[in-house]
Structures are given as structure tokens and as C-alpha cells.
Amino acid sequence: MTPTDWVLVNRLSARLPLGSSLWPKPDADTKVQPVLISAAVPHSIKIAGASDALPTSINYGTLCKTIEKVCQSGELYSCMEHLADAICAAAFNAFPNMREIHLSVEKPRALTHAKSVSFATIRTREGRKAGEPDRVEVNDLELSTIIGVNPWERDACQVVRICLALEIPCLSSENTKGFDYRDIVTRVSEARVAFFLAFDNHVLKSSYQTVEALASSITNVILSNSPTKVDRATVRVAKPSALMFAESAEVRISRTLDSVQRFAPEKPNPTSESNVAVALHVAAIALGSNVGDRFRNIEDALQMLERDGNAKVVDTSFLYESKAMYVEEQRDFVNGACLITTTLLPESLLQWLKEVEAEIGRTPTFRWGPRVVDLDLIFYDDVVYDSGTSTSTGQLTEKVPEPRRLVIPHERVHEREFVLRPLADMIPQFIHPKLHLPVSSLLTLVKRSSNPAGPSLKKVVPFMRLSASPEPRVKAEENESPLESEKRQSECRYWVWGEKTRIMAIINCTPDSFSDGGDHDTVESAMEFVKSFAIPVRPKTPSTSAAPSRSGSPGPRTLPFHHVVDIVDIGGCSTRPAAVLVTPEEEIRRTIPVIEAIRSSEDPAIRSSLISIDTFRASVAQAALDAGADVVNDVYGLTGEGEGNEDLLNVVKKAGCPVIMMHSRGDAGQNKDYSDVGGVLNGIREELGAKIRRALNAGVRRWNIIADPGIGFSKDVEGNLAIIRNLREITRSAWVSADGAFSIPYAQETRSLKDCIGSVHPLTSLPVLIGGSRKVFQGKLIDRVATPKDRSSATIATHTAAIQQGADIIRVHDVLEAWDMVKVADALWR
């Protein structure tokens, strides 16, 4: 029968070394810290109460001295459990009539954010009392976070107070450090509603609304997949700010591992072979290369991923150039990411990624060293998985060799901007299954914590033709370092977006274009125009006089020349209002000889010019690409040959080349009313966005798409002006604020990777081309009689405003005037 009488000593204060305290410093085990000891002895006091004498009772004074003697013995106790063992043994020795003792050892200076940590045990003379487990308690752990179902609770941090009572197995004789409560608290802190991360008043949002969900998540973290064994966890979560006239609102739950698994939501087991035939999984793969043709390596890897039906690429990010991380003495990387659907399970998918890497040419190097291609599995559905442990019981299984170990989500994703930035292009709202924060928040954190001197990642576009054979590797020269040799390797040309405004020169090989028809309709006249792109550039430092000639007079002064055009756009079919379409054969007859003349020019600057073919026809585009064109520019956004016709789309996809997709509504002079779609800007986002989404779904890479809002095509004067005034709005995400920071509503965050596919507006962050050269709306605005060629100044005004609004490319007839304007505009706004 359990006694109803007790003798207690409450929170006796002692000072002694007892393992680590607030900070786990190297010498913490030898430092004195405060310890509070409580003892409760169940013992009948009937005789002592009747006789008013102590011999038959438990003298609390003697009990107190017994405890103090143990604490002052000079013995070095490494943990609360060992001190408790010593006190219990001493108490039983001091009191022959004691049968049982309830002891608590509390460390008030154990953790920085908790009131205290304590160890409690019930002992009899025979040892630990049967059926009464030892307990470790973490008291009043306070974390600042964002939690709540009300909108106003999502805008500011509040304190949650967490108490943990953990039933633990008996300490083994080999364990000299005691129960690892620090590991538990660290993992609870990671699983809390949100990390308190405030930067410039920007708070990273949490993934929980209710205290119930937080408490359940904490028990899950404590009981599942943990090296620290816990038999039962009782968790209390209190919100002191929840109620105006109450100290707090609180939820308390108690769970075992069995109950956590029993009440967990049912979902397919990613390691179960029974799901292979029926489950289609979504995975996020990070892409990288810094050896050879980096762009070709990534594209080849993507195409190989889809071989044998093992995976389907359903979305791609932009590409970025970044400095090597961890080991910096190597060539810059090109990085990107993709989403795939697959029936492969995680281990099989990892094996497939390694096979693709090997086939592309990756060979083992040192850790974080150069690599031909790197394919990292970042997310797999919403799975948390470690091949080194069992996901169902939390017990260690046979350890997988480190090179083959698979951890999902990827262990280092939260510290790598070169992974998070591409992921945010596709899945900014996806909540990291383990850190419980969306990708956009993790990106914000890593960008603000790194604080580089300049842009840490540069968005790039490669000018790649997959039909061409890869360039052979260049031999290393004598005494040349591997880094120097790698920098000389040949790869396709590429642009860095944002570093300057690019100039596209118009060459209309037509007799009937609206402003320059007949000017360049022969190969000779077109080439003369191309030659005019090279202009003398004033040296930045005073040059020395040239050597005198044989006659004794100074020789001619030689100035460097600059090719002022970044890309040439060649067209053979006019798309002006009411233009008569020529046949594809005629279009080819007009354009291909000019492309071939550029590619065969004796001038290396001309010969290496980037060339765009301005066409909406697949046969013309294919002929131009075969002749040496680099880009396809389509005024109809890959739909010009009829609804449902995918011929040109397939040409672009197969070529792997950049494509300029313009907004239009058929005949350029018609369909100018946008009232039914909320205005011209909404019309462009909806209509051009649908065409770009179609291209992305068909496999055109996001990094290859350039958007053109279609100045002068089915727009009236005010519509054209609205585009120029608000150009940034066309490609701005609804989830990004004016200062460029992500601001995703909580309700739109998701734990489903599948739901993220295609969720980002297709126009988001695309580079933009503006073709405002000599357009009719300018003639109406200048209010004077003028031919299209008289609109040069109006064109400059249009393009200057567009650059201020973030235009990346301007398409022009008058290249020298454009050059001057771009140099000044870039100096002002780049």
C-alpha cells in the first residue's frame, strides 16, 4: 500500500561541477555551477506524530546534511544521473528505515533559453523502482516565433513557452555523459513554428498555425529517428500572449513512439517496393558544372535523365554562374535546378543520377572539387530520409558507406545560395520538410547572412546549338595550373543578364518592311550594314603617339574598334499591319544567304556575331539554325503556324537555343481592346504567359526564354505607353515585393512538391526585350509630319525609359544612336 505521508527537502542549493552548463565549453566539466536538489521520502509519521519524537521518522536535517556531504565530497560527477545515484546510495545508508526515495537534480544554468533542466528518479533499496521510469525535464524553454491562425499573428513574433518531460531508459554503465538533453533541445528548436530571423524588419514566416500542430511536431521530433532514446514524451506548449485576461493558453500532450506512428497521416512509404508500379514521385534536382562546356554538360545531363523513361523533366530554373564554394581555387560553376517526375525510389534515383554523371564524364576528385556535372537530389516529395538510419523506428541500421549515403532533404541545402536561388525560380513556396521553412525564406536567410561585396550569383543565358559537336578540350600548357587550363577550355558563348543593356540590330531582308523595306534586301547591302557596327572607341587613358613614318611625319593614329551590336536579328517576312505573307521558301531565300555571309566573313568580329532569325515558321528557323543562327525570335510566341502546331516549338527545343517569345494578337494593327482582361498589362501576362507555359511544359528550358511584350503589336498609343511605364510589372512575381524580397502568404505555402509544379507565373523574372524602334505610336506622339526614319529621337526616349524600367535588350534600326543612349542609360541605372 502506498504511504500517504511524506518527508521532503525542497530545492536544496548546492555548488559543484556537474557536466556542461550554459555553454558547452571544453573545461565546463570542471567548473562549479548551481545545482538544486529535491528529495521526497514516502514514510509513515504516525508514531513520530503521536510521540513528538524523531527516531522513528526521517530526519530532514540529517537528510539535508547527507545530500550536502555527497555534493561536497570532491568527487567529480559528469552528469545529473551519476550525482543522483550517489545521493540515493548515501541516503539509504544513512537511514536504515528508508525504503524508497524520490530524487530530483536540477540545473538552473544548463541552457541559455530554458529556466532549468532536471533529472528525476525513484529508487528503492533494490534499485530503480519497477514500473517507474527515470525522467528528464526541460522547464520553460522560451522561443520567439510566429504562430497563430489570425492574420495579425502572422506579422509579429511572440514567445512560446515549452516544457518537456521525457521518460528515458536506465543509463548504461558505459554512458559517462548522461542523457543528451542538448540534442533534444536543438532539434526541438529546429522544429518550432519558425526561427526568429529578423533582418531589416523582414521576419521569416512559420509553417504552423496552431499550438496543437507545434506540440505534435515536437513530440514527433523527439520520438522519431533520434539517436537519443526516449520512451515517452510529454510536451506542454504555452502562448502567454494568446489571451488578454489569462496568463497563457496551453496545450499538453503525451505520446510514445507507437502512438506517434499510429496517428501519423498515411502516405506512401518512399522505401517500399510495393509502391514502384503505382506511385509517381516528384523530386528536385540541383545541377552544376565547372569543367569543359558547362552549359552543354548540364543540358546533356537533363536529356539523359529522361532516357529509358526513368524520369521526366517537368520544370527548369534559370542558370546562374557562381564562385566555387568551400574550395575556391577552381573555375566558376554554372548552376541550375530542375523538377522531375519519376517512379524510382530514392535509392534507385540516386543510383540513376550517379550513372548519368558518369556517362557525361564525371570522374572522382577531391571533395567539393571540380566536376564535369553534379546532380544532387535535394527534395523527394515531402520525405525526410537518411539511408544511414531507419525511418520507421529511429534505430541505427547497417551504416551505408559515406559516398553512397543518401540524406533527404539534402543536408547542406540551407547554406547554399547556388542551390536555393534556382529552386526559388520554381518552388519558392515549398516548405522544407525538416526545417519547416519555405525555400524563399531559406534563400533570404542565406543571402543576408553571406552579405557578399557584389552579386554572388549571376543569371546567364548560353547560346548553344545542340546539333553542333562539342568542342574538344584544349591541351594544358607547360607549367599551367589546372585552374588556368580550365579557364581556357572552349564552351558556347553566354551573356550575364543585368551587367549591361544588349543591343539587337535589325536587318530586314525585305522590300516591304514598314520603315526600312528595301534597305537591306541584298546580301551586299546587308553586309555593308553589318560592317558599320564596328566603331572606333576613345581610349580610356591617353595613348602615346604612333611611330613616325619614313617621311619623318607621325604615323596614323590607330584607335581600338568596338563592335557596338550584341546580336543581329535577320528577318525575311514583314509582320507590319496588313502585310502580305511570303512563302517559307521565299523567306529562306532572303535570309539564309545573309547568315552564311556573316558566318564566312574574313573579319573575325563579324564572323563570330550572334545571330537571331526573326521568323514564326519552323522550316525557316531550322534552315537558319543549320546555317549558323543562334536565337529564334518569334512575334507569335511559337504559335504563329496555327493553334496546336508545335513544329517551331519542337525545333527550338531540339536545338536547345534561346528563343524570344513576343506578345501579339494576330495582325499587328488589330485587336487593341484589353478591357475584358483588365488592361494591357494583364492581357500580356495572361496571353503571353500562356504561350510561355506551353513552351515550358513542352521542355523548352526556362533559361532559354526571353520575353517581348510586343510594342506596336495590337496596342494603341496608351497601351504602348503603359507597357513602357510599367515594364517591371510584367515579369514581377506576385510573391515578390517592390524591394525584391519574397513575401509569400502563409496560405500559399505548401508541403506538396507536386503542387508546386507550374505554380510560378511563367513570366516571372524573365529577361525582357523591347522593340520600340520607329514605331507608329511615336509618330502620333511627336505631332508632326515625319517618316518612320524621322523617329530616331522618339525611339531613344522610348528605349531610355525602358532601360530605366529594367529592359535587358533593345531592338533597333539605328545602332550608333542606340550605342550612345545605352552607354548613358546604363551609367545611370545599371
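## Aromatic pairs

W495 counts as buried, at 5% relative accessibility. In this predicted model, the ring of W495 pairs with that of F463: the centres are 4.8 Å apart and the planes stand at 70°, so the pair is edge-to-face, the cut-off for that class being over 60 degrees. F463 belongs to strand β19 (residues 457–463) and W495 to strand β20, so the pair ties together parts that are 32 residues apart in sequence. F463 also counts as buried, at 7% relative accessibility. Ring pairs join F463, W495 and W497 into a cluster.

A search of the whole structure finds 6 aromatic pairs. One of them is formed by F295 and Y494, whose ring centres lie 5.1 Å apart with planes at 45°, so the pair is tilted. F295 is located in helix α7 (residues 294–305) and Y494 in strand β20 (residues 493–496); the pair therefore ties together parts that are 199 residues apart in sequence. F295 is buried, with a relative accessible area of 1%, whereas Y494 counts as partly exposed at 28% relative accessibility.

Is E299 buried or exposed? The relative accessible area of E299 is 3%, so this residue is buried, the cut-off being under 20%. With neighbours within four places in sequence set aside, E299 is in contact with M464, L466, R701 and W703.

## The chain as a whole

The protein chain has 23 helices and 30 strands. Of its 830 residues, 52% count as buried. Among contacts between residues at least 6 apart in sequence, 70% join residues at least 24 apart.

## The parallel sheet

An open sheet is formed by 8 strands in the order β28-β27-β26-β25-β24-β21-β30-β29, with parallel pairing. Its edge strands are β28 (705–708) and β29 (769–770), each of which pairs on one side only. Strands of a sheet pair through backbone hydrogen bonds, either parallel or antiparallel.

Within this sheet, strand β21 (residues 502–508) and strand β30 (residues 809–812) pair in the parallel sense over 4 bridges. Which residue of β30 is the bridge partner of M504? The partner is R811. Helix α23 (residues 815–829) lies across β21 and β30, and runs at about 155° to β30.

## An antiparallel pair with an enclosed strand

Strand β12 (residues 281–289) is joined to β16 by 6 bridges, and the two run antiparallel. The bridge partner of G288 in β16 is D374. In strand β16 (residues 374–380), 7 of the 7 residues are buried, so the strand is largely enclosed by the rest of the structure.

## Packing of helices α15 and α16

The axes of helix α15 (residues 618–627) and helix α16 (residues 647–655) come within 8 Å and cross at roughly 20°. Angles under 35 degrees count as roughly parallel, and α15 and α16 are therefore roughly parallel to each other. On the side of α15 the contact is made by A618, A621, Q622 and L625, and on the side of α16 by D647, L648, V651 and A655. The residues of this contact divide into 6 nonpolar, 1 polar and 1 charged.

## Helix α18

G719 is found in helix α18 (residues 717–725). G719 counts as buried, at 8% relative accessibility. The C-alpha atoms of G719 and F777 are separated by 9.6 Å, and these residues are 58 apart along the chain.

## Backbone geometry

The peptide bond from I408 to P409 is cis, with omega near -5°. Where does P409 lie? P409 is placed in the loop between β18 (407–408) and α9 (417–426).

R11 has a positive phi of about 55° although it is not a glycine. R11 is situated in strand β1 (residues 6–17) and is partly exposed, with a relative accessible area of 45%. D140, likewise not a glycine, has a positive phi of about 55°. D140 is found in strand β6 (residues 134–145) and is partly exposed, with a relative accessible area of 24%.

Definitions and conventions: Residues numbered from 1 in each chain as written. Predicted model: local features only at pLDDT ≥ 70, side-chain atom pairs only at ≥ 80, totals over all residues. Heavy atoms only, no water. Pairing = 2+ DSSP bridges. Contact = heavy atoms within 4.5 Å. Axes fitted to C-alpha atoms, helices over the stretch in contact; angles between N-to-C directions. Parallel < 35°, antiparallel > 145°, perpendicular 65-115°, else oblique. Nonpolar A, V, L, I, M, F, W, Y, C, P; charged D, E, K, R; others polar. Phe/Tyr/Trp six-rings, centres within 6.5 Å; stacked < 30°, edge-to-face > 60°. Buried < 20%, exposed > 50% of the residue type's maximum accessible area, 1.4 Å probe, protein only.
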